[in-house]
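Me: I have a structure open and would like to go through it piece by piece. Could you take my questions as they come?

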Amino acid sequence: MAEEIRLKTLAHSYSAKPSGPEDYAIRKMEHVWAQGGAYALLGPSGCGKSTLLNIISGLVTPSEGDVLFDGKRMNELPPEKRNIAQVFQFPVVYDTMTVYDNLAFPLRNQGGFSEQQISEKVHEVAEVLELSGELKRKAKNLSADQKQKVSMGRGLVREDVTAILFDEPLTVIDPQLKWRLRRKLKQIHERFDITMVYVTHDQLEASTFADKIALMYEGQIVQFGTPQELFERPAHTFVGYFIGSPGMNFFEPSLTDEGLMFNGRQMPVSETLLEKVRLSGSDNIKLGIRPEYVTLGTDTSDQSYAVTVTGIEDLGTYRIVDVAFGSIIIKIRTPEDQPVPGDTASISFPEAWLKVYVDERLVEADHE
Ligand SMILES: Nc1ncnc2c1ncn2[C@@H]1O[C@H](COP(=O)(O)OP(=O)(O)OP(=O)(O)O)[C@@H](O)[C@H]1O
């Protein structure tokens, strides 16, 4: 019974008298989680991820704006009336109960189900989570990851849930098992058709789980898109910096009549984009390019810039090459088998991959 979750002009401050944007854990935002999607809410520590989840589940009442489930306002509804299941960082299980009773608990609590129906549902969920062999065990005898699976199972048994919210659910899980559980969650999503929002600060975890990632920064969702979109078209400099390994290279060109200049050279930026930069009137202009898209070579054509190689880091299947380009260091990610030039090399920036940012936001040509 997935529903659309809409956050309308939502903002939240934990302070009774907020005096500026920095007093807001959530800064004014509009956002829609469509029915049935698998989403990740990704961002660094303190950006507001848990606050946002708690606003959706009802543990926190937003100081401004509305939370709407399929258009119905939820602000005043307590968590138990919202049909939201929340799985936290640390397992929430009843230690003295068996695994079976833990899984059956939400259904018994809700009422209206026969023991036969409860048993069928508990067995179905236990099978998906690979807990069928543990049903008779007391929860206190389980390992941390088994307990967390039970916590997840308690969210999954209820068919009436609007969404399941996961708040860094794999923190206590052993690295070996993390991968399996993440895949499990994906299978569960496909099988049960539930909206899932998965909070994490780990980009890999976000991209393996989610169809779409909401990237949060300073209390706002700065981009909502597929992992590929976030990689290829970072909408905000923070997305460029946060996604990728290493993150995007940024540098600050100066705007002249000739165009965007850096290190005495003109940067490959189209007239359309230049016009937009000029019209903005801003002097906060940045150029960004991912380490994967910088071309490294030795040729000295008009489109390339002479650089000095200052460092090479071998990371197994690829290398990170540092080159000094004027006053800055550009990082380039190259395949392991590509030879790295000696001290003197040249780089070029393919125009399609050199992104222009004004006031930290991506500037793009209008699409037809
Ligand atoms: N109960 C609270 N009272 C006051 N301030 C709070 C409270 N909970 C969170 N904050 C503040 O709100 C901001 C957002 O915190 P939140 O926990 O939502 O971020 P987060 O992205 O989930 O971080 P983390 O990954 O570390 O859990 C932080 O500045 C935090 O200090």
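Me: In the hairpin of β4 and β5, which residue takes a positive phi?
Reply: D70 does, with a phi near 45°, and the hairpin has two residues between its strands. Strands here are DSSP runs of E of at least two residues, and helices are runs of H or I of at least four, both numbered from the N terminus. This is a predicted model, in which local features need pLDDT of at least 70 and side-chain atom pairs count only at pLDDT 80 or more, while totals for chains, interfaces and linings use all residues. Residues are numbered from 1 along each chain as its sequence is written.

Me: How many bridges pair β4 and β5?
Reply: Two bridges, in the antiparallel sense, where strands count as paired if DSSP finds at least two bridges between them. L68 stands opposite R73 in β5, and L68 in β4 is also the bridge partner of R6.

Me: What is the strand order in that open sheet?
Reply: The order of its four strands is β2-β1-β4-β5, with antiparallel pairing. The edge strands are β2 (26–33) and β5 (72–73), each of which pairs on one side only. Helix α1 (residues 49–57) packs on the sheet and touches β1, β2 and β4 (64–69), its direction making about 120° with that of β1. Contact here requires C-beta atoms, placed from the backbone, to lie within 7 Å, and the angle, on a scale from 0 to 180 degrees, is taken between N-to-C directions of lines fitted to C-alpha atoms, for helices over the stretch in contact.

Me: How many bridges join β1 to β2?
Reply: Five bridges join β1 (residues 5–12) to β2, and the two strands run antiparallel; I5 has W33 in β2 as its bridge partner. β1 and β4 also pair over five bridges, in the antiparallel sense.

Me: I was looking at M29 in strand β2. Is M29 buried or exposed?
Reply: M29 is buried, because it has 20 other C-beta atoms within 10 Å. By the definition used, a residue is buried with 20 or more such atoms within 10 Å of its own C-beta, exposed with 12 or fewer and partly exposed in between, the C-beta atoms being placed from the backbone. Setting aside neighbours within four places in sequence, M29 is in contact with L7, L10, Q220 and I221.

Me: Changing topic, how many residues does helix α5 have?
Reply: α5 (residues 175–192) has 18 residues and reaches 26 Å from its first C-alpha to its last, close to the 26 Å expected, the expected span being 1.5 Å times one less than the number of residues. L181, L185, I188 and H189 are buried in α5. Seen down the axis of α5, the buried residues fall within an arc of 100°, so they line one face of the helix; the arc is that of the directions from the helix axis to the C-beta atoms.

Me: Why would residues three or four places apart point the same way?
Reply: An α-helix has 3.6 residues a turn, so residues at that spacing point the same way.

Me: Which residues of α5 are exposed on the other side, and what do the buried residues pack against?
Reply: Q176, R183, Q187, E190 and R191 are exposed on the other side of α5, whereas the buried residues pack against β3 (38–42), α3 (115–128), α4 (144–156), β8 (195–200) and α6 (203–209). After α5 comes D193, with a positive phi near 50°.

Me: Which residues have the most contacts inside the largest nonpolar core?
Reply: L41, Y198 and L215 do, in a core of 71 residues. A nonpolar core is a set of buried Ala, Val, Leu, Ile, Met, Phe, Trp, Tyr and Cys residues joined through C-beta atoms within 7 Å. Leaving aside neighbours within four places in sequence, Y198 is in contact with Y39, A40, L41, F166, F209 and A210. A second, separate core has 17 residues, including I289, V321, F325 and Y357.

Me: What stands opposite Y357 in β22?
Reply: L362 stands opposite Y357, and three bridges join β21 to β22 (residues 361–363), which run antiparallel. β21 and β22 form a hairpin with two residues between them, where D359 in the turn has a positive phi of about 50°. Strand β15 (residues 285–289) is joined to β21 (residues 355–358) by four bridges, again antiparallel, and L287 stands opposite V356 in β21.

How values were computed
Two residues are in contact if their C-beta atoms, placed from the backbone, lie within 7 Å.
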